[in-house]
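I opened my notebook to look up how the chains of this model meet. I wanted to go one interface at a time.

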Amino acid sequence: MTDILTILRDFGPLLLVGQYPNGPLGGLAITFVLSVLGIALAFPLGVGLALARISPFKWLYWPATALIYLMRGVPLIMLIFWVYFFLPVLLGRPVSGFSTMLVTVAIYQASYVAEIVRAGIESLPRGQMEAARAVGLSYMQAMRKVILPQALYNMVPSMLSQFVSTIKETSLGYVISVNELTFAANQINSSLMTKPFQVFAILAGIYFVLCFSLTQCARHLEKRVARRRAGETARTAAPVAPAALPVTAE
Amino acid sequence: MTAASMIRFEAVNKWYGDYHALNAIDAEIGKGEVVVVCGPSGSGKSTLIRTVNRLEEIQQGRIFFEGQDIHAPSLNLNKFRSHVGFVFQSFNLFPHLSVAENIMLAPTTVLKRGKAEGRERAAQLLARVGLSSKVDAYPGQLSGGQQQRVAIARALAMDPPAMLFDEPTSALDPEMVGEVLQVMKALARDGMTMMCVTHEMNFAREVADRVWFMDQGRIVETGSPEGFFSNPQSDRARKFLSDLRSH
Amino acid sequence: MNRVDFSVLLQGDYPAMIAGGLVRMLELTLLAWVLAMVLGTLLALARMTTSRLLRALVAAWVEYHQNVPMLVQIFLWYFGIATLLPADMQFWINRHSGEFILATIAIALAMSAYVSEDLRGGIRSIPASQLEAARALGMGYLQTFRLVVLPQAFRIALPTLVNHTVLLFKGTALAMTIGVAELTYATREIESRSFQTVEIYLFTTIVYMALSLLIMAGGSMLGRRLALPGR
């Protein structure tokens, strides 16, 4: 136990912020930045994919569906290698590990977000879209002003869950030497050598505290959303499908 | 205690928190007797019948089944329950098992009977309740009335000395009530000891030996069916019967 | 960009490496899956007992494994817990593909948490009246669980169990980080030796896709076979 405290004292800053301010940002800070940016990018992508999935246009539907199945069927680590290799080729210039991870995580999460958004949209009573079109709104206007705002409220707990998944996924940045939390912990272990259990226990502990608190928030929000939805259902008397809980990725 | 007592309640009291659900119940059902328990909703009749196989527990008093105190520490609860037939209001058939498997399940796993013997008995019982053709059907394929008849067969498969019915027809569409009552009447005529919580007054008139009228946790009135229905003694019984008839 | 030429994969010992990687991947998946299912079922059962301590322990187990990244769990087992074991055990493990054993354990334990949650959800959705009916017939606790609850709970939990099986399968790729020579490891080896990235990446991607789809299709088929006939 004292070992753990010593390690925290000596290497705490490295774990939390990397070598900042004497060097680049790293550790938990990078994990956090990567996760927030990742989910932020995944969100509009996911909405786009969801709309493509429910659209009647085959040229939108099939590519979107193919992408989603690809993300679901291939391990994230393999996808990271793909992007690591492919992105510099595509852009014609070298790409940092951070950017690689960001792009990979954004696309990967987008496919899960797409399913959440789709479930959120489909759980709304049909009458909503019908009423919006009846007053003369176009499909896209109805989506933007009526459907999505409501669906998004229902989706907040699921999105929070996906954020937790994103945080866990950033740990894979380690394999391409992105200086996030897991990488930092490995560095510490390499320099200490004699206390691997303590180092990795601390690593697991940090992730646990972070992810568990966010998961609890998500559960709390889920209850609030469910209560509100129950009220709406009672009034509109339309069957409401529960928003699909996301399959938490690695 | 009468020599041929099947079920006996002695100073039975039950509370749900502060609510006095069963109040000083003293009553007896003899072997071969058919007793109908009726009363307004909330009167405790379902609670009472569920104390007999200890699906509900009591705080005071004693209950005897075939002369045995059912709360004795030496009693094996599972063994005891396998000895008491219980039919639920919502049938509670096991949806993942066929009709025959539903009936055979307890005899093979609890009484350790052989599978072939179990199947044969299941076929016999299904014939008795008029459902021979449904032996391999699944509960999801049956109507409510058919499911309840299978539930009765399932309870009978354990060869219990007494059968408890907790509002067996209340969850059925009206046109299916008759087929279930028919089975119950046949059972009664065959000499089965029965305790039935039910609103079906014609059933009571035809086969019940006695009627217990319950209200607010007490057995307010008991009597023969003809006596109770034509000339109820208590005001509450009178009100109950007139409410029932006004349907 | 040069033309894609899959024949490069047939050169030298690449086929052997790929085959070895495939076998390792399948071994890892199967072993971890069986372990996860058995453990997950026991955990679900433990969560149903009256012991508050047991229930709390299972809850803690589930929360830990669902909130810590699988990669970190693998590291903790391989670099951390392994070093805490008695010396002769460590010696034995090292002689017998230690990284494979520890990766299997880490992945299995991680997924056992998801399996137990899936089953718990299935069990909770079974109405109490089913339990009452079984108890009224005199069936004991374990008999009721085995013959009435579990068959129904499993049917309900099947779709999520299939999803998590795919997750487990994908998770085996992480074992490469500790040196398990499964498919992704072999892929990187071949890439670094042959410089033919696209071919080997495509091959591996197709393999993962195909097997994932196979698992999902298998799950659907199982679901259809187990579906109870309705009216």
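**Entry 1: chain A and chain C**

I noted at the start that this is a predicted model. I looked up the contact between chain A and chain C. Chain A puts in 39 residues and chain C puts in 41 residues.

How much area is buried between chain A and chain C? I read about 3,500 Å². Carbon and sulfur atoms give 76% of that area. I then checked which residues of chain A lose the most area to chain C. They are Met78(A), Trp82(A) and Phe197(A). Together these three account for 16% of what the chain A side buries.

Next I looked for charged pairs. The rule finds 1 salt bridge across the interface of chain A and chain C. Here Glu63(C) meets Arg219(A), with N to O at 3.0 Å. I also listed polar contacts between chain A and chain C. There are 9 residue pairs, with both residues at pLDDT 80 or more.

Which elements of chain A supply at least two residues of the side that touches chain C? I wrote down α3 (58-73), α4 (76-91), α5 (97-122), α7 (139-169), α8 (181-192) and α9 (196-236). Of the elements, α9(A) gives the most to this side, with 12 residues. I sorted the residues of this side of chain A by class: 29 are nonpolar, 6 polar and 4 charged.

**Entry 2: chain C and chain B**

I moved on to chain C and chain B. This contact takes 21 residues from chain C and 26 residues from chain B. The area buried between the two chains is about 2,100 Å². Carbon and sulfur atoms give 60% of it.

How many salt bridges are there between chain C and chain B? I found a count of 1. Glu132(C) pairs with Arg50(B), and their closest N and O atoms are 2.5 Å apart.

I then asked which elements give two or more residues to the side of chain C that touches chain B. They are α6 (128-136) and α7 (141-171) of chain C. The largest share comes from α6(C), with 7 residues.

Notes: Residues are numbered from 1 along each chain as its sequence is written. Chains are lettered from A and ligands numbered from 1 in the order in which they are written. This is a predicted model: local features need pLDDT of at least 70, side-chain atom pairs count only at pLDDT 80 or more; totals for chains, interfaces and linings use all residues. Side-chain values use heavy atoms; hydrogens and water are left out. Contact means heavy atoms within 4.5 Å. Buried area is the accessible area (1.4 Å probe) that two parts lose on being put together, summed over both. A salt bridge is a side-chain nitrogen of Lys or Arg within 4 Å of a carboxyl oxygen of Asp or Glu. Helices (H or I, at least four residues) and strands (E, at least two) are DSSP runs, numbered from the N terminus. A polar contact is a pair of N or O atoms within 3.5 Å; within protein, one must be able to donate a hydrogen and the other to accept it, and residues adjacent in sequence count only if both atoms are side-chain atoms. Ala, Val, Leu, Ile, Met, Phe, Trp, Tyr, Cys and Pro count as nonpolar, Asp, Glu, Lys and Arg as charged, and the others, Gly among them, as polar.
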